[in-house]
Amino acid sequence: MAACSFRRSIASQLSKVLDLPPENLIKSISAVPVSKKRHVADFQLSIASVTEDSSSDCLAQDLHLQAQKLAERTVLQQVLKDGSQYGVKSELFSTVPRQKAVIEFSSPNIAKKFHVGHLRSTIVGNFIANLKVALGHEVIRINYLGDWGMQFGLLGVGFQHFGNKEKLKSSPLQHLFEVYVQINKAAEDENTKKLAKDFFRKLEEHDEQTLSLWKQFRDFSIEEYSRIYKRLGVHFDEYSGESFYHEKSQEILKTLEDKGLLQKTIKGTGIVDLSEKKDLSSFSTVMRSDGTSLYITRDLAAAIDRMNKHSCDTMIYVTDKSQSNHFQHLFQILKLMGYDWAERCQHVSFGLVQGMKTRRGEVIFLEDVLNEVRSRMLQNMASAKTTKEVEDPMETAEKVGLAALIIQDFRGLLSSDYQFSWDRALQSRGDTGVFLQYTHARLHSLEQMHGNEQLTDVNVACLQEPDAISVLQHLLRYDEVLYRSSQDLQPKHIVSYLLTLSHLAAVAHKTLPVKGSAPELAQARLCLFQAARLVLASGMKLLGITPVTQM
């Protein structure tokens, strides 16, 4: 492709942005001479010939400033034109192929505690899914429930003793948890052990009565989980679970045996040698001595099944870092079995959260966390001087409280552990989710106050103050931040970007009044604040936060 056609295509892009005919621009675009400094642009635009003052003795430094001004002038039009697509439409993503991703996250165990690790997995997985969808990828969100295994033998026996059909319907998670705690007290008793074993054996043999009870445990639990996930703003395309794969995992063992990968130990367990030198210095146990499958065997079956069903480009597992070994083994075994796509599987791990307690004690159910954050936030809103009358205080408190939880969680690297603090998370000043929501609500009410009109013919050149320029410059960087997060799947880049945007917008809001300014200036400032709010809202939604319009 000759330079002239490059020049023409650059000119046609620029003409849209600068509102000048492409003919005027073509002459101002030249190929950059090769230089010793690597990383130099391929083409350059003579700014002097584009900007109004064409006194050609402009210094290079001034030119750089003018180029920056040119970019700032166009960023507002871009934000208002692209709306929620601003940033994701950037040419940074033009070479990134559209892909199909399966993301497995949340994955609690039925009848057990929904611990903070599950909460982290839920919000991190949701963020990754949101980001991928925004960038045009296809995403399948899977919740892989712990819905099989020996504990269901125990739970079944417990339910026959202490269960209550009504309670199972009305609050399944709590009821099954209580039943499980009660029966666990008797778990060492030989008779209970035998009954539990029998119940689980019947399950595995598809005994109708036993299966129907197990199915109720599962269905009612999923129904309640879906309702709670909805409060979190999270949904799943598929509720899968270990139960789907306990039979397929027998086929996996047979395949491993046929391929000569399965070795028996003296104790009779089945292992796969993962060492380079085949000296068993690293191995994975895939079968119990009685021939039954283990968690990893079911995971192998699930991975292969998903790949066959969805033929996706990548599979992402979101769990805490204590499972890193498990996933390394999983991917290694898949490769040994001849599945090259195992290289495109990824474990996104995160650290532990210490000290998250509710007023009633430790967290047992996800709902406890949501209710706690809502009630604490309601209290804060009631005592705050700035709170206006909000239409639905409960809902607002919940959305603001969730923003607080998510921002506290996403501020650092996902792999680091952190100490949870309600007070720190819910502060209204500083780098918190509450501050992001407060800024969004303020900018929104500014728009409402000034008639919310479509701003078309705005003269951005009158935004000369440093506080305005800072916001403009920051808006220009949004796509770079999205790109970074899309590369390493870490939300912290977006979080720190939004916190800075909120601080800059708050300062500008103080120093650049809309009311009482000359009409042209008022319009331009309004346009600035609207662009800031749009980008803030888009970024918050990616993180899994619902922006509030009043608080």
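**Notes on the model**

1. Let me start with α20, which is mostly covered: 19 of its 25 residues are buried. Buried here means under 20% relative accessible area, with exposed over 50% and partly exposed in between (1.4 Å probe, protein chains only). Helices (H or I, at least four residues) and strands (E, at least two) are DSSP runs, numbered from the N terminus. From its first C-alpha to its last, α20 reaches 36 Å, close to the 36 Å expected at 1.5 Å a residue; the expected span is 1.5 Å times one less than the number of residues. G544 follows α20 and has a positive phi, near 95°.

2. A word on the basis of these values. This is a predicted model, in which local features need pLDDT of at least 70 and side-chain atom pairs count only at pLDDT 80 or more, while totals for chains, interfaces and linings use all residues. Residues are numbered from 1 along each chain as its sequence is written, and side-chain values use heavy atoms, with hydrogens and water left out.

3. For the overall picture, the chain's secondary structure comes to 20 helices and 14 strands. Its C-alpha trace spans about 95 × 60 × 35 Å along the principal axes. Of the 551 residues, 50% count as buried. Taking contact as heavy atoms within 4.5 Å, 71% of the contacts between residues at least 6 apart in sequence join residues at least 24 apart.

4. Helix α19 (residues 492-511) is worth a look alongside α20. α19 has 20 residues and reaches 29 Å from its first C-alpha to its last, close to the 28 Å expected at 1.5 Å a residue. Its buried residues include H493, Y497, L501 and A508. Which helices do the buried residues of α19 pack against? They pack against α4 (116-134), α14 (393-410), α16 (433-449), α17 (466-476), α18 (478-488) and α20 (519-543).

5. Next, the second largest pocket, with a volume of about 470 Å³. On a 1 Å grid over the protein atoms alone, a pocket is an open set of points where a 1.4 Å probe fits, with protein on both sides within 12 Å along at least five of seven lines; lining residues have an atom within 4 Å of a point. Grid points are joined across faces, edges and corners, and the volume is the space filled by probe spheres set on the points. The lining has 17 residues, of which F200, E204, R288, D290 and T292 lie nearest the pocket's centre. α8 (190-204) and α10 (248-258) each supply at least two lining residues, and α8 gives the most, with 5 residues. By type, the lining divides into 3 nonpolar, 6 polar and 8 charged residues. Ala, Val, Leu, Ile, Met, Phe, Trp, Tyr, Cys and Pro count as nonpolar, Asp, Glu, Lys and Arg as charged, and the others, Gly among them, as polar.

6. A search of the whole structure finds 20 aromatic pairs. Rings of Phe, Tyr and Trp (its six-membered ring) pair if their centres lie within 6.5 Å; planes under 30 degrees apart count as stacked, over 60 as edge-to-face and the rest as tilted. F177 and F365 form an edge-to-face pair, 5.6 Å centre to centre with 85° between the planes. F177 lies in helix α7 (residues 172-185) and F365 in the loop between β13 (361-362) and α13 (366-383), so this pair ties together parts that are 188 residues apart in sequence. F177 is buried, with a relative accessible area of 16%, and F365 also counts as buried at 16%.

7. The rings of Y317 and F327 have centres 4.8 Å apart and planes at 40°, so that pair is tilted. Y317 is in strand β9 (residues 314-320) and F327 in helix α12 (residues 324-336), 10 residues apart. Both Y317 and F327 are buried. Elsewhere, F105, F114, Y225, Y229, F236 and Y239 form one aromatic cluster.

8. R344 lies between α12 and β10 (345-350) and counts as partly exposed, at 41% relative accessibility. R344 and D313 are 31 residues apart in sequence and 6.9 Å apart in space, C-alpha to C-alpha. G268 sits in the loop between β6 (262-264) and β7 (270-273). Leaving aside neighbours within four places in sequence, G268 is in contact with M287, R288 and S289.
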